[in-house]
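Please examine the two-chain model shown below. The briefing that follows takes up its backbone geometry, its chain interface and one of its pockets.

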Amino acid sequence: MREKLNSIDHFEALQDRLVSEWDRDVPTIVIPAGTCGRAAGADELIHATQQEITSRKLDGRIRLRITGCHGLCEMEPCVLIEPEGTIYPKIDPTEMARIVEAVARGEVLEDLLSQDPETGARIQKQKDLPFLKKQVRTILGRNEMLDPMRIEDYVRSGGYSAMAKVLARGAPAAVVEDVKASGLRGRGGAGFPTGRKWELLAKQPSDGGKFLVCNADEGDPGAYMDRSVLEGNPHSIVEGMIIGAYGTGATEGVIYVRNEYPLAVEHADIALQQARELGLLGEHILGTDFCFDISLVRGAGAFVCGEETALIRSIEGKIGEPRQRPPFPVEKGIDNKPTAINNVETWANIPIIIAQGAQQFAEIGTANNSGTKVFSLVGKIRNTGLVEVPMGTTIREIVHDIGGGPAGNARIKAVQTGGPSGGCIPAEMFDLPIDYDSLVEAGSIMGSGGMIVMDEDTCMVDVARYFMNFLKDESCGKCFTCRKGTQRMYEILDDIAKGSGTLEQLDLLEELAHVVKDTAMCGLGQTAPNPVLSTLRYFRDEYVEHIRKRRCPAGVCKELITYSINENCVGCQACVRACPVGAVKGREKEQHSIDAEKCIKCGLCRNVCKFEAVDVT
Amino acid sequence: MPEIGLTINGLPVTVDEGTTLLEAVRFLGWPIPTLCYMDGLSPYGACRLCVVEIGEGAEARLVSSCTYPAQEGLKVRTASERVLRARRMTLELLLASCPQSKTIQDLAAAHGVRQQRFKQEYEDCILCGRCVRMCEEQMMAKAIGFRNRGENRSIGTPFDIKSDVCRLCGACMYVCPTCQLRCTYNEPERAICGACANLTPPCIDKEQFNDMMCYMSPCVACEIEKEG
């Protein structure tokens with residue numbers, strides 16, 4: 001049990017003590033163990049490290065820190081050695097003995113270091129990785145510094161000082177002014193200025209209480225920024241919310257997190273408990289008159305509950321269904337009380353703004369889009385992972401400089417931003433600076449920050465169909481045009497992908513997409529046609545080719561492709577063995593052939609062929 | 001009550017605060033088609049037929065007039081090209097899914113929708129939720145509600161078991177705009193029984209009608225006939 005802090009002085013004394021007791025020079029093995037890290041095998045690494053440290057009697061001489069995700073997905077499970085900053089990617093638990101030994105001696109294991117893909121040179125330090133060079137990691141950079149289950153780690157690294165600063169200053173209106181001056185816009189996707197939202201909340205009558213909500217219902221396929229922040233640094237969210245509550249006069253806070261994120265739920269829960277123990281949350285925070293507490297509400301997995309009015313209903317225990325705005329949540333939210341909802345990343349930015357000062361924060365990024373933004377870079381790209389860059393960075397910089405270009409041989413064709421509600425941006429437009437306004441102009445949205453890279457082996461009709469399939473399941477079904485519209489769009493896309501589409505259907509698809517965008521009530525429905533509209537805008541040729549020539553140029557749509565074997569075939573029989581349905585025939589050392597009747601177009605033969613002898617047409 | 005000034009189809013009007021756009025527009029005599037809206041029930045905004053255009057220039061957008069409150073200075077257009085295009089597509093979607101409903105057929109005809117270009121479906125319910133709101137708000141029963149989401153959304157009792165709070169009042173059927181809970185005897189393919197038109201339900205001629213009637217067992221129409 002931690003001792004409760006009764007004053008700001010008490011808190012500062014604790015922070016000073018934690019900093020002075022900390023010996024920076026003790027070598028530390030840092031293992032990122034977010035959900036992704038654990039899936040890649042971080043738990044085994046941790047176990048092996050603990051065993052090695054104990055068996056070598058190195059307790060106290062080498063520290064082990066288990067942190068949240070650092071965003072280096074491509075390198076998981078990895079090990080970071082402090083204070084040098086040496087990084088070992090893709091480590092097998094059996095290597096831990098050598099690593100612990102080397103750390104104890106202060107050596108570096110050359111053979112385990114990562115290699116530059118072009119030059120083959122070994123890269124020792126994390127900061128020299130090409131993936132990290134162009135990034136500005138004000139939010140993600142803190143994940144590696146702390147164990148999310150220990151509030152002391154957060155306090156030592158400067159945590160809760162922004163809150164103490166605000167409490168000591170004593171002028172709530174100044175907090176709102178700071179956030180306004182910083183130019184921070186909501187990181188959930190719509191980009192509404194956070195300071196203005198708070199100003200509106202502060203002006204609401206406070207007789208019945210006011211709510212602040214952290215929206216951690218991250219449901220986009222391929223996006224996991226919010227999860228990493230909530231898992232890796234939950235106290236930054238808690239601190240942000242306390243500061244927000246002080247500025248706006250909110251009395252209750254809610255972290256709405258999807259139940260599919262068990263680790264985030266656990267870490268947020270622990271963070272709240274520890275903050276309460278220290279007197280940073282609850283009645284009379286740090287001995288002042290300011291009271292604020294946060295509860296945790298777990299979402300049941302509906303994508304639409306990320307929409308703020310549906311989220312409010314879900315918190316109230318009702319069916320997650322959006323309603324008409326106005327009245328806006330800031331007037332009538334949870335239980336009809338004024339409510340301000342911000343995304344995880346927005347909250348994580350708040351302590352940074354207060355600590356650095358609004359001016360310094362506004363210097364990062366561009367004029368109307370300040371600060372950094374975290375993206376999850378996934379798809380057909382070499383370096384997948386979490387990318388944090390200043391607003392206004394171009395797509396090219398993210399895809400080619402940070403992402404390292406295509407994963408395979410195929411050329412990159414487009415990126416899809418903003419999740420299922422977003423759109424595809426073609427490679428010709430990669431010089432587009434990423435900010436809220438230019439993305440909307442290009443027919444996409446910022447969204448919460450998913451970024452899926454697609455290459456020439458990706459069929460855009462198939463992509464649109466995939467997202468529409470997701471949306472027709474996730475539409476709440478209240479608005480008729482959204483419910484039926486997404487189903488009908490899927491139906492037409494499915495026809496086109498199967499080769500039975502017509503040009504009239506294509507026109508109908510476009511007409512329908514515009515009407516769904518126009519008539520739906522909430523953000524989900526209004527953006528649901530984006531995958532269709534943006535692919536039609538930039539890749540109409542592909543649609544037409546599916547319809548006119550009954551051909552899929554990317555070789556993806558199963559109904560439109562045939563597999564055949566060319567004269568490169570040496571008759572090795574690898575494909576004969578691989579085929580699950582026995583469609584490949586041929587004797588050893590003779591050219592094989594594929595029985596088109598039997599072939600299920602799974603592509604296994606092509607995957608196993610070492611001679612590029614399997615064609616897809 | 002404080003009054004609000006707005007412009008509807010170019011005409012400046014004043015309405016009481018709290019009036020919805022639909023109420024204001026209808027009071028002033030312009031027609032707006034609706035399916036999910038019903039006097040006496042809370043507005044829901046599900047059918048999207050009542051959309052009107054508000055705002056100007058790049059800010060112009062469509063909103064459902066039944067749920068949107070009248071606001072000071074608002075410029076409303078009830079029959080702009082954009083509104084009509086949306087309305088026609090919505091009707092086409094309705095016609096594609098529920099072609100047997102006379103209400104929908106009439107609305108489509110009135111708006112010049114003569115064909116539908118999607119694959120024909122034969123559904124009855126458009127999930128407008130009138131029955132759900134009727135049951136909850138006027139009958140105080142809450143026997144039925146929405147279940148699931150997206151394409152799996154449906155209306156019914158929990159677990160499809162007859163609800164203890166249902167009083168078999170029939171209000172849900174009474175308010176249904178597409179007349180979906182009609183008697184279909186034991187031949188679901190003969191969806192239109194014609195009972196409402198000629199007042200002689202076809203089930204009367206049949207011998208056994210014990211457990212294949214509409215959910216109101218025994219069927220009220222048949223009971224009346226028998227007593228007579």
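Lys142(B) is found in the loop that runs between α4 and β6 of chain B, where helices (H or I, at least four residues) and strands (E, at least two) are DSSP runs numbered from the N terminus. Phi of Lys142(B) is near 55°, a positive value in a residue other than glycine. This is a predicted model, in which local features need pLDDT of at least 70 and side-chain atom pairs count only at pLDDT 80 or more, while totals for chains, interfaces and linings use all residues. Residues are numbered from 1 along each chain as its sequence is written, chains are lettered from A and ligands numbered from 1 in the order in which they are written, and side-chain values use heavy atoms, with hydrogens and water left out.

**Cis peptide bonds**

- Glu76(A) and Pro77(A) are joined by a cis peptide bond with omega of about -10°; Pro77(A) lies in the loop between β2 (63-67) and β3 (79-82) of chain A.
- The bond from Arg325(A) to Pro326(A) is also cis, with omega near 0°, and Pro326(A) lies in the loop between α13 and β10 (339-343) of chain A.

**Interface between chains A and B**

- Chain B contributes 36 residues and chain A 33 residues to the contact (heavy atoms within 4.5 Å).
- About 3,100 Å² is buried between the two chains, 53% of it given by carbon and sulfur atoms; buried area is the accessible area (1.4 Å probe) that two parts lose on being put together, summed over both.
- Arg48(B), Arg149(B) and Glu151(B) supply 21% of the area that chain B buries against chain A, more than any other three residues.
- There are 10 salt bridges between the chains (a side-chain nitrogen of Lys or Arg within 4 Å of a carboxyl oxygen of Asp or Glu).
- Asp495(A) and Lys119(B) meet through their side chains in a salt bridge, at 2.9 Å from N to O.
- On the side of chain B that touches chain A, the elements giving two or more residues are β4 (61-64) and α2 (81-97) of chain B, and α2(B) provides the largest share, 10 residues.
- By class, that side of chain B has 17 nonpolar, 8 polar and 11 charged residues; Ala, Val, Leu, Ile, Met, Phe, Trp, Tyr, Cys and Pro count as nonpolar, Asp, Glu, Lys and Arg as charged, and the others, Gly among them, as polar.

**Lining of the second largest pocket**

- At least two residues of the lining of the second largest pocket come from each of α13 (308-315) of chain A and α4 (130-138) and β6 (145-147) of chain B.
- The largest share of this lining, 4 residues, comes from α4(B).
- By class, the lining has 15 nonpolar, 10 polar and 12 charged residues.
- A pocket is an open set of points on a 1 Å grid over the protein atoms alone, where a 1.4 Å probe fits, with protein on both sides within 12 Å along at least five of seven lines; lining residues have an atom within 4 Å of a point.
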